[in-house]
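Trainee: I have a structure on my screen and would like to learn how to read it. Could you take me through it, feature by feature?

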Amino acid sequence: MSSSSAPFATLLVDVLTAHSSTVYQVLGDWFAWVAIALLAFVLLQVVRLRTRAQG
């Protein structure tokens with residue numbers, strides 16, 4: 001049907017869905033917590049080195 005024959009058009013399509021595993025599904029929350037802990041450790045080391053260099 002031409003879309004100019006009506007003020008709107010509706011399309012119906014069958015879409016196949018595929019479910020694949022994500023990193024979060026496989027590893028869970030511990031990956032995020034390790035990343036946060038690593039960031040905190042690196043930031044503390046940077047602060048510690050800067051205070052040593054100034055002092």
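**Reading the model together**

Mentor: Gladly, and let's begin with a single residue. Thr51 has a relative accessible area of 48%, so it counts as partly exposed. Keep in mind that this is a predicted model.

Trainee: Where does Thr51 sit, and what does its side chain reach?

Mentor: Thr51 is found in helix H2. Its side chain reaches the backbone oxygen of Arg48 at 2.9 Å.

Trainee: How far apart are Thr51 and Val26, in sequence and in space?

Mentor: They are 25 residues apart in sequence, and their C-alpha atoms are 40 Å apart in space.

Trainee: Let's zoom out. How many helices and strands does the protein have?

Mentor: There are 2 helices and 0 strands.

Trainee: And how do I read the overall dimensions?

Mentor: Start with the radius of gyration and hold it against a reference. For a compact globule of 55 residues, the value would be near 10 Å, but this protein has 27 Å. Then look at the box: along the principal axes, the C-alpha atoms fill roughly 80 × 30 × 10 Å.

Trainee: What share of the 55 residues is buried?

Mentor: Buried residues make up 0% of them. As for the surface, the protein exposes about 5800 Å², and carbon and sulfur atoms supply 68% of that area.

Trainee: Which residues make the nonpolar surface patch?

Mentor: Val23, Trp30, Phe31 and Val34 make it, and the patch covers about 420 Å². Helix H2, which spans residues 30-54, gives the most to the patch, with 3 residues.

Trainee: Take Val34 as an example. Why does it count as partly exposed?

Mentor: Val34, which is found in helix H2, has a relative accessibility of 46%.

Trainee: How should I read a pair of aromatic rings?

Mentor: Two values describe such a pair: the distance of the centres and the angle of the planes. In this protein the count comes to 1 aromatic pair. Trp30 and Phe31 form it, with 6.4 Å from centre to centre and 80 degrees between the planes, an edge-to-face arrangement.

Conventions:
Residues are numbered from 1 along each chain as its sequence is written. This is a predicted model: local features need pLDDT of at least 70, side-chain atom pairs count only at pLDDT 80 or more; totals for chains, interfaces and linings use all residues. Side-chain values use heavy atoms; hydrogens and water are left out. Patches are made of residues with over 30% relative accessible area and no salt bridge: like charges are joined within 9 Å, nonpolar side chains (Val, Leu, Ile, Met, Phe, Trp, Tyr) within 5 Å. Accessible areas come from the Shrake-Rupley method with a 1.4 Å probe; for residues, only the protein chains shown count as cover. A salt bridge is a side-chain nitrogen of Lys or Arg within 4 Å of a carboxyl oxygen of Asp or Glu. Helices (H or I, at least four residues) and strands (E, at least two) are DSSP runs, numbered from the N terminus. Buried means under 20% relative accessible area, exposed over 50%, partly exposed in between (1.4 Å probe, protein chains only). Rings of Phe, Tyr and Trp (its six-membered ring) pair if their centres lie within 6.5 Å; planes under 30 degrees apart count as stacked, over 60 as edge-to-face and the rest as tilted. The radius of gyration is taken over C-alpha atoms; the globule rule is 2.2 Å times the number of residues to the power 0.38. A polar contact is a pair of N or O atoms within 3.5 Å; within protein, one must be able to donate a hydrogen and the other to accept it, and residues adjacent in sequence count only if both atoms are side-chain atoms.
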